[in-house]
Amino acid sequence: MTSPTLDAPALERLISAAVAAPSLHDTHPWRFGLEPETCTLEFRAAAARALPRAAPTARAVHLAVGCAVFNLRVAAVHLGWEPVTLLLPRPDRPDLLAAVRLADATRRTVAPGSYDAVWHRHSSRFPFSGVALPMSLRGELADAARTEGADLLFTGHRETERVLSATREGERRNRMHLAHAADGRRSPRGPTGPPGAWHLRPSPAFGAHHRPDVLPARPLERPPQLAVLTTAHDRREDWLRAGQALERVLLLATASGVRASLLYQAVEWADLRGRLGGPTHPCRARPQMAIRLGYGPEGSLSSRHGADGSRPG
């Protein structure tokens with residue numbers, strides 16, 4: 001089997017897959033570089049698009065880049081390459097978060113439906129049906145996260161109420177805190193919409209739709225099916241791994257007909273982030289994201305940046 005050619009159409013397809021990843025307030029906080037001699041694509045943090053007051057540690061940037069890296073990996077395998085991923089490859093260049101070298105042709109295949117799911121995955125703020133996910137699918141989603149070095153832990157009743165409570169408080173703080181409000185106004189998609197109680201509906205935060213006139217508040221299904229993505233440590237490389245695990249989970253969910261929305265409000269605040277853990281979580285697990293999963297309407301696709309970093313017209 002011969003290696004595919006990294007020509008302009010192939011490069012555009014790879015980058016387009018990467019920018020289809022979710023990011024905090026849909027900011028797309030990344031830039032791309034190409035080392036043609038080694039066929040290596042670089043992922044760099046785009047400081048101008050980051051929200052430093054809402055995410056002062058840049059954890060959200062790393063999560064978003066991790067999601068983008070995984071999408072590119074899926075596209076690379078689909079097009080015939082073996083993606084070799086390095087996280088934080090240059091300590092002297094802290095903005096260089098990851099590099100993916102397109103190695104010789106691979107015989108690997110991506111999970112069924114993953115490549116198509118890259119283009120269809122998006123957050124849904126609609127109420128879900130309340131039909132429980134099969135235990136077998138829960139196991140597959142947990143295995144998907146584990147493959148990337150993270151854990152996906154489905155919450156029981158008490159843990160669900162704890163996550164929703166922390167998310168409500170995070171939403172309240174985000175709307176009341178002047179610094180966070182300023183960040184919301186800086187977002188390319190504008191403010192996140194009218195205040196809403198988290199017991200009624202999720203609010204757009206991480207890669208969700210930002211048009212409250214199109215998506216008004218609706219009753220949330222009861223009980224919602226929530227899962228918390230965690231890592232054993234909380235270093236920059238763990239955030240990047242968590243992003244890849246998150247996107248692997250989301251693509252598998254999309255390919256399985258499951259909708260998802262990401263509950264990011266609580267993890268923006270250190271004290272609230274700690275509440276996402278609980279007695280069922282492994283000792284010293286670091287919560288990275290809460291996810292609401294279920295069956296329901298597809299929702300509306302949000303706009304994406306183009307391969308050059310701009311938004312399509």
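Mentor: Let us begin with terms. A residue is called buried under 20% relative accessible area, exposed over 50%, and partly exposed in between, with a 1.4 Å probe and protein chains only. Helices (H or I, at least four residues) and strands (E, at least two) are DSSP runs, numbered from the N terminus. This is a predicted model, in which local features need pLDDT of at least 70 and side-chain atom pairs count only at pLDDT 80 or more, while totals for chains, interfaces and linings use all residues. Residues are numbered from 1 along each chain as its sequence is written, and side-chain values use heavy atoms, with hydrogens and water left out.

Trainee: How many helices and strands does the chain have?

Mentor: The chain has eight helices and eight strands. Of its 313 residues, 52% are buried.

Trainee: How should I read a helix that has a buried side, and which residues of helix 4 are buried?

Mentor: An α-helix has 3.6 residues a turn, so residues three or four places apart point the same way. In helix 4, the buried residues are Leu137, Leu141, Ala142, Ala144 and Ala145. Viewed down the axis of helix 4, these buried residues fall within an arc of 155 degrees, so they line one face of the helix. The arc is taken from the directions that lead from the helix axis to the C-beta atoms. Met135, Ser136 and Thr147 are exposed on the other side of helix 4.

Trainee: Against which elements do the buried residues of helix 4 pack?

Mentor: They pack against strand 5 (151–154), strand 6 (225–231), helix 7 (236–255) and strand 8 (286–294), where contact means heavy atoms within 4.5 Å. After helix 4 comes glycine 149, with a positive phi near 90 degrees.

Trainee: In what order do the strands of the open sheet lie?

Mentor: Two strands pair if DSSP finds at least two bridges between them. The open sheet has four strands in the order 5-6-8-7, with antiparallel pairing. Strand 5 and strand 7 (259–263) are the edge strands, each pairing on one side only. Four bridges join strand 5 to strand 6, and leucine 152 stands opposite leucine 229 in strand 6.

Trainee: Which strands does helix 7 lie across?

Mentor: Helix 7 lies across strand 5, strand 6, strand 7 and strand 8, at about 10 degrees to strand 8. Helix 5 (residues 157–176) lies across strand 6, strand 7 and strand 8, at about 80 degrees to strand 6. For such angles, axes are lines fitted to C-alpha atoms, for helices over the stretch in contact, and the angles run from 0 to 180 degrees between N-to-C directions.

Trainee: Which residues touch the most other members of the largest nonpolar core?

Mentor: In soluble globular proteins, nonpolar side chains tend to be buried together. A nonpolar core is a set of buried Ala, Val, Leu, Ile, Met, Phe, Trp, Tyr and Cys residues joined through side-chain atoms within 4.5 Å. In the largest core, of 71 residues, those touching the most other members are Phe43, Leu141, Leu152, Leu229, Ile291 and Leu293. Helix 2 (residues 59–79) supplies the largest share of this core, 13 residues. Beyond its neighbours within four places in sequence, the contacts of isoleucine 291 include Leu152, Leu226, Leu246 and Leu262.

Trainee: How do strand 1 and strand 2 pair?

Mentor: Strand 1 (residues 30–35) and strand 2 (residues 40–45) pair in the antiparallel sense over six bridges. They form a hairpin with four residues between them, and cysteine 39 in the turn has a positive phi of about 55 degrees. Glycine 33 stands opposite glutamate 42 in strand 2.
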